[in-house]
Every structure is written in C-alpha cells, then in structure tokens.
Amino acid sequence: MNIKELSENLGLEEDEYMEMLDLFLTSGGAELSRVEQALKEANALLVHEAAHSLKGSAGSLSIDNIFELARDIDDKSRQGILTGLDELAQKLRCAYDELATVVSRPD
C-alpha cells in the first residue's frame, strides 16, 4: 500500500490520509465485527448493512481490496445469499488486519 500515492490521488496530505485511515480502522473494525456476528446469526439484512457501510468507507479511501471484498459480501447478502460469505469474511478480516499492520508501522 503506497500511502503517498493514495493520499495524492485523493488530494490529501499524507498525515491527513493517515488520520482518515485511523478513523477507518476504528469504524471499519466495528463494521467488520458486525458482518462476522451477523453471519454467525445468519442475518442477511445485518450482513448487508454492515458490509455496505464498510464498502463505502473503503471506497472513499481507495482501499480497493477491502472495498471489493465488502462489495461482494454486500451484493450477495442483499440478495439473501449467505452461502460462501464466511470465506469472504475471513478474507476481509485478513485484508483489514494487514491494513492495520501497515498503518501502525513506525516510519
């Protein structure tokens, strides 16, 4: 993940983008937990709502891998399809954790 390039693409300073990433990690982590819990409860509506929110936030910050996974979960859950979403949610969790590691690395 090239923070400098992503921040420039969005017209932000790197420190501004990092602040937004920190906020994303906080709110996105809560939404990801909601996705995981809703999948355990087999609640497609709640999966859809949380994935949709996560998708929007990731898209706004050009975090493409998280956006694409959240989009796929959102699309299927909106149709009431939960089959295969556990695997996608695991991939989403890995992508989120990887982002958290990148953001928390000291310069």
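**Reading Lys55 and its surroundings**

Biologist: Leaving aside its neighbours within four places in sequence, which residues is Lys55 in contact with?

Modeller: Contact here means heavy atoms within 4.5 Å. In this predicted model, Lys55 touches Phe67, Ala70, Arg71 and Asp74, once its neighbours within four places in sequence are set aside.

Biologist: In which helix does Lys55 lie, and does Lys55 count as buried or exposed?

Modeller: Lys55 belongs to helix α3, which covers residues 44-60. Buried means under 20% relative accessible area. Lys55 has 14% relative accessibility and therefore counts as buried. Across the protein, buried residues form 36% of the 107 residues.

Biologist: How many helices and strands does the protein have?

Modeller: The protein has 5 helices and 0 strands, and its pattern along the sequence is α-α-α-α-α. Its radius of gyration is 14 Å, close to the 13 Å that the globule rule gives for 107 residues, so the protein is as compact as a globular protein of that length.

Biologist: What share of the contacts with a separation of 6 or more comes from residues 24 or more positions apart?

Modeller: Such residues account for 56% of those contacts in the protein.

Biologist: How far apart are the mean positions of the positive and negative charges?

Modeller: For the 10 positive and 22 negative charges of the protein, the mean positions are 7 Å apart.

Technical notes: Residues are numbered from 1 along each chain as its sequence is written. This is a predicted model: local features need pLDDT of at least 70, side-chain atom pairs count only at pLDDT 80 or more; totals for chains, interfaces and linings use all residues. Side-chain values use heavy atoms; hydrogens and water are left out. Helices (H or I, at least four residues) and strands (E, at least two) are DSSP runs, numbered from the N terminus. The radius of gyration is taken over C-alpha atoms; the globule rule is 2.2 Å times the number of residues to the power 0.38. Buried means under 20% relative accessible area, exposed over 50%, partly exposed in between (1.4 Å probe, protein chains only). Lys and Arg count as positive and Asp and Glu as negative; His and the chain ends are not counted. The place of a charge is taken as NZ of Lys, CZ of Arg, CG of Asp or CD of Glu.
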